[in-house]
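The sequence and structure are displayed below for reference.

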Amino acid sequence: MYFPSWLSQLYKGLSRPIRRTTQPIWGSLYRSLVQSSQRTNPEFNSFAVRTNTCGELRSSHLGQEVTLCGWIQYRRQNTFLVLRDFHGLVQVVIPQDESAASVKKILCEAPVESVVRVSGTVTSRPAGQENPKMPTGKIEIKVKTAELLNACKKLPFEIKDFMKKTEALRLQYRYLDLRSFQMQYNLRLRSQMVMKMREYLCNLHGFVDIETPTLFKRTPGGAKEFLVPSREPGKFYSLPQSPQQFKQLLMVGGLDRYFQVARCYRDEGSRPDRQPEFTQIDIEMSFVDQTGIQSLIEGLLQYSWPNDKDPVVVPFPTVTFTEALATYGTDKPDTRFGMKIIDISDVFRNTEIGFLQDALSKPHGTVKAICIPEGAKYLKRKDIESIRKFAADHFNQEILPVFLNANRNWNSPVANFIMESQRLELIRLMDTQEEDVVLLTAGEHSKACSLLGKLRLECADLLETRGMVLRDPTLFSFLWVVDFPLFLPKEENPRELESAHHPFTAPHPSDIHLLYTEPKKARSQHYDLVLNGNEIGGGSIRIHNAELQRYILATLLKEDVKILSHLLQALDYGAPPHGGIALGLDRLICLVTGSPSIRDVIAFPKSFRGHDLMSNAPDSIPPEELKPYHIRVSWPTDSKAERAH
Ligand code: ASP
């Protein structure tokens, strides 16, 4: 494992000159902030009992007396040590002469991963012994003194990135896993990006970093919240799913521009790549419209984007919610590749194929298709069978695979009913090539689209596992999705409404009248930011009129407005028009670093089931400690039996 010169790459961004766009009131504070952020390289050795980091030494340091602290990575024939710290690796020469016997004993006996401090001289490696793969590969340290700071016992796994270990083991010994290059890189890149975001928001655009409470009360609508018992009988706090109410109240309070690296909590059970606690870059501002927030976020991402990636190109493209569903079958489309959904209803108006005829005879019936590039080459017969089974099992839909080369329509006698003229029209509409396969389905618009949206992603993954390069791994494809409906039918009871974003989202100005006639049709001023098919942010322009807010909560959403009386009252006391957004920091960093899971960009994440595998949280509490909270656990019957064993 060799550290590239990644650390300097990471910190290079800080040397970018800061543009001053506003005249701050506290000039000197501002100047010192600007100066400190203009530093090119942080001082890694200040205050510490070392002179240098392991990774920073080069030929320019030859002859210098240095003191280094680090972990023993390797030892070779009792002659060399490779010492590691967060910055990199360096070779240390163990002295062999009698007079240094005690130093030799320390360095030869300390187990790998022990922590040592060594002092010595930076020397050139003998000719032919340089290691070009190592940034410090031209030099080595001739040690004079050594001290064992702490010996390491036998480890549960080796601290080498190439050693395979299960995620459960990594999480159980997270403090060891954090020593890996990848985790070091991920967490430092995260810190750098947040630093630049802070700089952009606070120094360039006058935002104020404000902390908001995490002990709060229930907010109606949205995700399930964690409860925290209080000493008052039957009274609980809730951990906020986001600082939504506070950020709006800060606008009422005249703070004008708020931002926070905010911890949020959602008790949503186990879902892949979600965490019960996670971090948002939470933003709110007054006197702004949707395009203002969008430009702010584009600038923020452009400014904080790591220098080793292709620069972010702005403005980001925008699609409406309706277009996104019709074209990609989802409200978070992966726009790194085509395979868009095409409406081919007109091609089949006179078809003899039963299920198409059937669908088209219904009021909202459509025929839709996606084209799998070179599908005839890459997809196997069993793939097509499992695609059809998936469609039948999960969507109760039929899929008709059409091979453009008619002779290859194996296993699909139905496809033979497609007339030559229809085939040609299909080729024209879908712009297909000889080896492509068209997957065709028929039915109600949104159902057909969501099925094809799923198949589009499944097939993209399949093509890639078979060797096709469909998505450029270095590409970051941002997309705004706008014009969401204000309400969606409730999952548990589709006759009732729930907010598509949250109940504080303002309706689209041209749809306000619909709230009183056909609320289901009203669009909202809600916008989502999507990156490579993942929702990485969402926000809205808010309702700042108490009467409208009360109407939406009480009449349309049937919520108990008493819970929100403080907010409704605040809106009545001169609340400015305002809007905001929150970016999911974990997911953003996960995508930027190309990590397989968001757990890889969080220092101490919870497992898939919401457990901390290191400390075993959540843990049981003895009954006497629960007493002050007036809480008694009522054990489910089978777990009681389990505990008795
Ligand atoms: N609070 C919202 C969320 O967490 C974001 C926003 O509307 O600003 O999704």
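The model is predicted. The chain has 645 residues, of which 48% count as buried, and its secondary structure comprises 19 helices and 21 strands. The ligand has a shell of 13 residues, and the protein buries 90% of the area that the ligand exposes when taken alone.

**Overall architecture**

- Along the principal axes, the C-alpha atoms of the chain fill a box of roughly 95 × 70 × 70 Å.
- The domain assignment gives domain 1, residues 48-154, and domain 2, residues 337-465.
- The centres of domain 1 and domain 2, taken over C-alpha atoms, are separated by 63 Å.
- Among contacts in the chain with a separation of 6 or more, 69% join residues 24 or more positions apart.
- The chain exposes about 32500 Å², and carbon and sulfur atoms supply 53% of that area.

**Residues and elements around the ligand**

- Of the 13 residues around the ligand, those that come nearest are Q244, K247, H501, H502 and R542.
- By class, the shell divides into 8 polar, 3 charged and 2 nonpolar residues.
- At least two residues of the shell are supplied by each of helix 7 (244-252), strand 20 (534-541) and strand 21 (578-584).
- Strand 21 provides the largest share of the shell, with 3 residues.

**Polar contacts and burial of the ligand**

- In the side chain of K247, an N or O atom is 2.6 Å from an oxygen atom of the ligand.
- For R542, a polar side-chain atom lies 2.7 Å from an oxygen atom of the ligand.
- The side chain of H502 has an N or O atom 2.9 Å from an oxygen atom of the ligand.
- Taken alone, the ligand exposes 270 Å², and 90% of this is buried by the protein.

- Q549 is placed in helix 15, which covers residues 546-556.
- Is Q549 buried or exposed? Q549 counts as buried because its relative accessibility is 0%, and the cut-off for burial is under 20%.
- Beyond its neighbours within four places in sequence, Q549 is in contact with P503, F504, I543, L568 and L571.

How values were computed: Residues are numbered from 1 along each chain as its sequence is written. This is a predicted model: local features need pLDDT of at least 70, side-chain atom pairs count only at pLDDT 80 or more; totals for chains, interfaces and linings use all residues. Side-chain values use heavy atoms; hydrogens and water are left out. Domain bounds come from an automatic or database domain assignment. A residue is near a molecule or strand if one of its heavy atoms lies within 4 Å of it. A polar contact is a pair of N or O atoms within 3.5 Å; within protein, one must be able to donate a hydrogen and the other to accept it, and residues adjacent in sequence count only if both atoms are side-chain atoms. Accessible areas come from the Shrake-Rupley method with a 1.4 Å probe; for residues, only the protein chains shown count as cover. Helices (H or I, at least four residues) and strands (E, at least two) are DSSP runs, numbered from the N terminus. Ala, Val, Leu, Ile, Met, Phe, Trp, Tyr, Cys and Pro count as nonpolar, Asp, Glu, Lys and Arg as charged, and the others, Gly among them, as polar. Buried means under 20% relative accessible area, exposed over 50%, partly exposed in between (1.4 Å probe, protein chains only). Contact means heavy atoms within 4.5 Å.
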